[in-house]
Number of protein chains: 4
Amino acid sequence: MTKLKWGMIGGGEGSQIGPAHRLGAQADGRFEFAAGALDHRAEEGRAYGQRLGIAADRAYGDWTEMLAGERNRTDRVDLVTVATPNATHFEITKAFLEAGFNVLCEKPMTMDVEQGEEIVRIAKASGKICAVNYCYSAYPMIRQARAMVRAGEIGKIRLVVTNFSHGHHGDAGDAGDANNPRVRWRYDPAMAGVSGQFADCGIHALHMAGFICDDTVEKLSADFASTIPSRVLEDDAMVNFRMTGGTVGRLWTSSVAIGRQHGFDIQVFGETGGLRWASEQPNQLIYTPVGGRTQIIEKGEGGLHPDAQRLSRVSIAHPEGFPLAVANIYCDLADAINGEARDGLPLAPDGLRSMAAVYAAVESAKADGAWVDARPPMFR
Amino acid sequence: MTKLKWGMIGGGEGSQIGPAHRLGAQADGRFEFAAGALDHRAEEGRAYGQRLGIAADRAYGDWTEMLAGERNRTDRVDLVTVATPNATHFEITKAFLEAGFNVLCEKPMTMDVEQGEEIVRIAKASGKICAVNYCYSAYPMIRQARAMVRAGEIGKIRLVVTNFSHGHHGDAGDAGDANNPRVRWRYDPAMAGVSGQFADCGIHALHMAGFICDDTVEKLSADFASTIPSRVLEDDAMVNFRMTGGTVGRLWTSSVAIGRQHGFDIQVFGETGGLRWASEQPNQLIYTPVGGRTQIIEKGEGGLHPDAQRLSRVSIAHPEGFPLAVANIYCDLADAINGEARDGLPLAPDGLRSMAAVYAAVESAKADGAWVDARPPMFR
Amino acid sequence: MTKLKWGMIGGGEGSQIGPAHRLGAQADGRFEFAAGALDHRAEEGRAYGQRLGIAADRAYGDWTEMLAGERNRTDRVDLVTVATPNATHFEITKAFLEAGFNVLCEKPMTMDVEQGEEIVRIAKASGKICAVNYCYSAYPMIRQARAMVRAGEIGKIRLVVTNFSHGHHGDAGDAGDANNPRVRWRYDPAMAGVSGQFADCGIHALHMAGFICDDTVEKLSADFASTIPSRVLEDDAMVNFRMTGGTVGRLWTSSVAIGRQHGFDIQVFGETGGLRWASEQPNQLIYTPVGGRTQIIEKGEGGLHPDAQRLSRVSIAHPEGFPLAVANIYCDLADAINGEARDGLPLAPDGLRSMAAVYAAVESAKADGAWVDARPPMFR
Amino acid sequence: MTKLKWGMIGGGEGSQIGPAHRLGAQADGRFEFAAGALDHRAEEGRAYGQRLGIAADRAYGDWTEMLAGERNRTDRVDLVTVATPNATHFEITKAFLEAGFNVLCEKPMTMDVEQGEEIVRIAKASGKICAVNYCYSAYPMIRQARAMVRAGEIGKIRLVVTNFSHGHHGDAGDAGDANNPRVRWRYDPAMAGVSGQFADCGIHALHMAGFICDDTVEKLSADFASTIPSRVLEDDAMVNFRMTGGTVGRLWTSSVAIGRQHGFDIQVFGETGGLRWASEQPNQLIYTPVGGRTQIIEKGEGGLHPDAQRLSRVSIAHPEGFPLAVANIYCDLADAINGEARDGLPLAPDGLRSMAAVYAAVESAKADGAWVDARPPMFR
């Protein structure tokens, strides 16, 4: 096995998401960290890249320099991760796809639906992989849940309920404090776009609902609130939705739920059983057959569906966490680059559907919860 | 202390709610079970009452007989519990209030808003107590939560999120099975009225939100679903609401959440902290101050607010459960009958507000989630 | 059904255990609280008894007065609960048994083995019931566990592991503070006897092990520690034991486990499965068949063993707690008094076995953990 | 930062521990997987090493070949991981230390105390690092616990209680099945040495107790049981111990606890507080100050002790698991190799102390629980 070559744009020193990508890409030894444009400050980015082991000539000052440098190499990177500020995802992803690179883009893939449709078209035309980092879907127990649904083990899905709530933006001081860009920008339309918390966390939950149910969102109704009044964008949202197959959906997301650390969970209820999972205990999947007792399915137990088994790394009940979920995305990418299809990989159409849902939710919220078509035009 | 005399209407042999009332009324030895009309089958009711220790002349065949028998006694019952089928609550409660009895009515207090307003007026005119059995609000940790909110310990409330979900009606066979009246009637408008799951469980959660936040619901938007298609009434509902004080509310209730046993929980998020409680672990209240660590408040610990301390019966961490929450309602009633005001007691206005919310939710659900005034006309 | 008449000795105002007995005896309406000698201060006891509804002539000043008063009545109490300081249990229990009363004695039944054997002999000779309040064994899920073991559902028992740890005596100030008798007396041989924490809490756990395994302790080895040096008696103990049937046992008990509130739990491991239960979540029993998934057995679910089903009072997942476990003891007593045998009732031989185990543990601890026969002489 | 070069002996295809080491060594990109002798079958090991990206000339057939190959290279590996069968650890570790390599040895470091003392002497003389993979001690929350103890935040430690129980060897068929070497060898003295479950899992718990308490075990008393009779070595053990500083210790370990998946937990009780941690939820540390409320300390929260903060990789409440604990060991090793002392690294003296404790426990168990000095002779 030759190692694949990997490059990252963004994820500089002190970034929140950078470490997760580096752990994820390197953990299995399938990618070599070969190139990067890690920081919007060119010199800091070059220096940091070299400290992380990138050769000097591939530690670039910005993404355009990286694109220019890599496109002409015979040993060009096999995969580019885009982990820059949201508003730049579209432009960078587009450019690298067009230059024939495989891309893993952080969410949100784009800032609007039109951009999303363009990426889908470009990705298709390029023949390259354009993945989007809905990494929670790569937890083994989520793959197990999806496989159980597909195998009909809980029957036709009636209802899916998912939450992504935390309280880390619950301090109003943050919002008004011009010196605290960590939080403030997320509620400023100039930087965050049309949606705050729903676009930040809610779309993870919405993607997960579609992923497990193996279905897509058709329409939705949203109630947005800025519970900290100085915020222009919502810090709390409730979205009701319907999937194409008729499943009823409920999604709550909040950033002011003080005391909730990482309250991302999902419950799927079918005609013959229910499944539950929570991201703070990701190695268990709770299953109840109708009329029967609740059972605990453990990561690594015997008899899991193959996709779940394949992504369990260490023995049963030795917990695996978020960085390994990201590593699973990279594993699937390595396989896919090597020609082995991995149908669990979230791709450009998933990124597009998320953006369509964000715009639909914003429109609905403005219209007092009117039901809005949540499908991208190209998929209607 | 002289024991008070207690009578019950309904709650016959095999009923679900009867045992909870008997445990609740008798546990503290403050009420003597003196009279009853326990069953719609007169002879069975008389026999069962006597087996439970009621004197033969006070083991009545129906409620009219009981009213006639008790109203003329000098040792008439001090409190009548109404635990009959929902559609009869109004008539019986009205009759006993008008005859000068204190009443504890099971929820829902009435089947519509007009009846609810009538009960409020009658109760006020009578000078008697008309309580409604929102017994979850009598858990010590719920009293603690309310006292903390009132004392400003979590600041102004921004958001309240509550769920009451279970999966005990998740077997579609139940719904269609003419031989299984246990479940079927709940989704039949002829028996259950305008709402199924929301009127059955949702109003407990809605009452709790108002109780802890010390506020009332102003308007709401509802999404109802009959996930089992044979059901006319909803078996799953999402209700967004706004309280008079501006608090944002979210309420999910379901009876098809297979695997959830008694998924009633509430989370209250204020400017300076958050509180969480779940009915399956009722003896703990989870508290997080903004910027601080999550703490576990235990029933019976030192320094609780007086109303919580008063209703803790046994030592810290010796669990107390649902029957003792009901017993707490009866304790408060005994105190109130003896002239000691208990402001935690849920009363007729609470029952009325619930019914107004039910009708508002039904109206909203029919209008695709339009926002509807949820206040009873008399409180607007 | 005629109500039985009940009397209590001890359990005066402010006592810890009194409320549990009153709730337990009265909750089901099967006992009338007819007599009492509630306080060692005669007048306070009489007054408190009357405030609790006892007639003036049966609110006694002390237990001898109560014995004299009750023995000659035709409507004498059917059951006497002994909830006085430990050192008086033997004398009072003996006297009431000899006078032909049924007795429920708080644990420990006696202060030594000889007294225990005497009570067993007296109880047998009297034909009366002498129960001991190992009330945890009356939780429905413990009855379920025992029934499963008896039915062979987890095979021959290899191992039982039980803990009863809390931290409520973890403040050394308590121990040395002459003004704080709440804790200090428990570690003073003059008041507590030969053992502190093991005799106080450990014997609950040891009884439970025998109860669920349907077996008795044969020999044991103990390690005692006074982790707060001013204490003469142990505040922490580990006891290894072997049951007659060969089961290996492990029991840890502590009162200095700061942060543990009520850490009483038990795990039973057999050839074909394992069971787990914890007193802070008493309504669930965790079951794992060998090679299979862990399942959650819920109080009140369909298909429980009859003894568990009978003692489930309210619907599934409506939690029932400690006071109802005590109530279950009283239910079994009422049945037994009425002639319906209840083999789950802990009786004088159980109290005797506990005391033999306490003395064996003390002897072993003094002998550096030497193995000691834990059987009472009369049962060898 | 130049990458360090890493080699592994053992951990071949299908091994349980190999993946954890590869994930751990590579995740942070600080080690390049440069050499290996991965399998006792030379060709399989060479082929597997090359599939994992090792150059052909450094994919060795056995450890002697690797030693010969690496010792003469100028780019020799900076660290050798020994993950071979237990009985070979001593010989290989000794050889590589003597040749001037840094070594990370899997536990147990040796098969007896004399070998352990020899490794300690050799490591000291060599000036090289000889670490032992007590990787649980590298969880951030364990580092936090140790730092809190050292800072006196829970006062002098009175008591430490730790368990490492699972049920994965609970199927007796495994033990007797000659075709199932997965489990059988662990209870066979010819392969496992003098102890089964205690040497396999118990020593992790014993190391953890010493690590958090910052103390060492002085003496112990053990009760061993072979609950599956065909087993020569114990599958269940209880060990009571005393630490040099006077702390009382209790340790239970089992492999027949059917239903326990990875029941490794530890509780530390001091004069002014208690701490609790469980390996299945490794990202939380539960802290209770005496007289105060239980608090949840979260990995990644603000204000952690520096050693805990340093080893938190991703944001608060994004779970990190076992592979990242191993990665933390490798991070500390990389730092230590680069000259930055990491006092949390478990080293040869820890491996020696474990072996001394194993022999002491075996001796004690044979002597019916007599107390035995657990210190290695060289540390007495």
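# A tour of the contacts between chains

Start with chain A and chain B, which share 12 residue pairs in polar contact, both residues of each pair at pLDDT 80 or more. The model is predicted.

**Stop 1: the chain A side.** Select the parts of chain A that touch chain B. The elements giving two or more residues to this side are β6 (157-165), β7 (217-225), β8 (236-243), β9 (248-254), β10 (263-270), β11 (273-278) and β12 (284-289) of chain A. Which of these gives the most? That is β8(A), with 5 residues. Coloured by class, the side of chain A that touches chain B shows 17 nonpolar, 13 polar and 10 charged residues.

**Stop 2: the whole contact.** Now show both sides together. Chain A contributes 40 residues and chain B contributes 40 residues. The size of an interface is often given as the accessible area lost when the parts come together. Here chain A and chain B bury about 3,000 Å² between them, and carbon and sulfur atoms account for 56% of that area.

**Stop 3: a salt bridge.** How many salt bridges cross the interface of chain A and chain B? The rule finds 6. To look at one of them, select B:Arg250 and A:Asp223, whose side chains meet in a salt bridge with an N to O distance of 2.7 Å.

**Stop 4: the axis between chain A and chain B.** Two copies of a chain are related by a rotation about an axis and a shift along it. Chain A is superposed on chain B by a rotation of 180° with 0.0 Å of shift along the axis, at an RMSD of 0.0 Å. This is the relation of a two-fold axis. To find the axis from chain A, select A:Gly369: its C-alpha is the nearest in that chain, 3.2 Å from the axis. Both copies use the same surface, since 100% of the contact residues of chain A recur in chain B.

Conventions
Residues are numbered from 1 along each chain as its sequence is written. Chains are lettered from A and ligands numbered from 1 in the order in which they are written. This is a predicted model: local features need pLDDT of at least 70, side-chain atom pairs count only at pLDDT 80 or more; totals for chains, interfaces and linings use all residues. Side-chain values use heavy atoms; hydrogens and water are left out. Contact means heavy atoms within 4.5 Å. Buried area is the accessible area (1.4 Å probe) that two parts lose on being put together, summed over both. A salt bridge is a side-chain nitrogen of Lys or Arg within 4 Å of a carboxyl oxygen of Asp or Glu. A polar contact is a pair of N or O atoms within 3.5 Å; within protein, one must be able to donate a hydrogen and the other to accept it, and residues adjacent in sequence count only if both atoms are side-chain atoms. Helices (H or I, at least four residues) and strands (E, at least two) are DSSP runs, numbered from the N terminus. Ala, Val, Leu, Ile, Met, Phe, Trp, Tyr, Cys and Pro count as nonpolar, Asp, Glu, Lys and Arg as charged, and the others, Gly among them, as polar. Copies are superposed by least squares on the C-alpha atoms of residues with pLDDT of at least 70 in both.
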